[in-house]
Amino acid sequence: MFSVRMRVALGVITALLIALVSSTYALADGPWPNDPQGPQAKSIADLYWIMFVAAVIVLAIVDGGIIYAGIKFRERPGHVARQFHGQNFLELTWTVIPTLMVVSFSVLSWQKLDFINNTRSSDVGMVIQAEGSQWQWTFSYPHEDRYKLIDGNYLRASEELHIPVGMKVRIELSSKDVIHSFWVPSIGGKKDAVPGRATELWIQADKAGTFKGQCFEFCGDGHADMLITLVAHTPSDFAAWIPQAVKEANIPLDPKTVVGRELFLSLACAGCHTIKGTTAGGKIGPELTHLMSKKPSNIAGGALAPVNEENLKKWISNPPAVKPGTLMPNLGLSQQQIDDIVLFLQTLK
Ligand code: CUA
């Protein structure tokens with residue numbers, strides 16, 4: 001029924017439609033710059049929509065003109081295509097209008113860039129350092145007493161970034177290894193973290209909520225997992241969050257758990273297990289960063305369920321006895337060492 005050419009064309013159009021629909025679905029749940037939740041993201045989205053609408057109008061006029069001319073003036077029996085040259089009015093029109101459009105987009109962009117890049121204005125209410133490393137962001141809160149930990153350092157946290165609603169926050173970026181890029185699309189623009197260079201941007205959330213972000217510069221194996229979870233709190237919730245976060249950050253610093261932590265990092269444990277934020281980066285055993293909040297079925301195939309002090313001690317004293325065939329050997333630790341390590345493991349929430 002259809003010619004070969006027609007069938008190929010239909011196939012290509014169908015494939016493009018499938019690609020369009022599936023990518024739209026994939027984006028539906030992800031970070032989305034056109035759902036702005038802060039002044040900076042809004043100014044970027046406004047510019048985007050102005051340009052998008054202009055582009056659609058240009059597309060309609062140009063393609064409409066081409067299709068109209070192609071049908072109306074085509075060569076057919078009894079009709080010879082008309083030839084003409086030198087249409088001054090038309091040529092001027094399609095030179096002047098695009099020039100005016102490009103110039104006005106440039107002016108608009110510069111204006112927005114002034115606003116977007118203004119990280120040093122007097123209304124900045126808070127400064128947070130964000131360090132990118134393979135493969136996580138580490139956020140350091142201001143050196144104020146309320147963020148102080150028991151070891152004298154100040155609150156630092158990975159992956160989750162907490163800010164109060166309605167406050168302009170300057171993010172000072174740095175990188176430990178390669179180039180990363182900080183981007184929380186619905187809150188603000190994107191900025192690279194470059195090794196050896198200081199860069200910064202500002203963000204502001206207008207309403208409370210959790211906003212997803214993603215490292216936006218390919219930085220190696222774990223790039224896709226280098227996420228940012230930005231939590232915007234109402235001012236009173238933020239005030240309540242600070243002591244809670246400081247309390248949790250203090251747990252692993254507690255002298256009682258420090259012994260177990262040191263043991264874990266110096267013994268064979270660290271060679272097989274990863275605990276983010278420490279030097280333990282082994283890949284053979286399961287990651288233990290959030291051990292205590294993992295589903296019991298995800299640890300030792302459920303052999304430790306429920307994951308608690310008693311079961312952890314039983315496990316570490318002789319893993320193959322609990323789960324025959326496990327890769328984790330009996331390390332022959334003393335009861336004291338086991339107790340200390342388990343105390344430390346219980347801080348991994
Ligand atoms: Cu860090 Cu991509």
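Let's start at helix α7: among what covers its buried residues are α8 (319-322) and α9 (335-345). Covering here rests on contact, meaning heavy atoms within 4.5 Å. Helices (H or I, at least four residues) and strands (E, at least two) are DSSP runs, numbered from the N terminus.

A word on the source. This is a predicted model: local features need pLDDT of at least 70, side-chain atom pairs count only at pLDDT 80 or more, and totals for chains, interfaces and linings use all residues. Residues are numbered from 1 along each chain as its sequence is written, and side-chain values use heavy atoms, with hydrogens and water left out.

Back to α7, residues 309-317. Its buried residues include Asn311, Leu312, Trp315 and Ile316. Buried means under 20% relative accessible area, exposed over 50%, partly exposed in between (1.4 Å probe, protein chains only). Why do they sit on the same side of α7? Because they cover an arc of only 125° around the axis, taken from the directions from the helix axis to the C-beta atoms.

Next, the largest nonpolar core. It has 34 residues. Such a core is a set of buried Ala, Val, Leu, Ile, Met, Phe, Trp, Tyr and Cys residues joined through side-chain atoms within 4.5 Å. Trp137, Leu161, Ile171, Phe182 and Ile203 have the most contacts inside it. The largest share, five residues, comes from α4. A second, separate core has 23 residues, including Ile299 and Ile316.

Last, Ser175, in strand β5. Buried or exposed? Ser175 is buried, because its relative accessibility is 12%. Beyond its neighbours within four places in sequence, Ser175 contacts Gly132, His180, Ala193, Val194 and Pro195.
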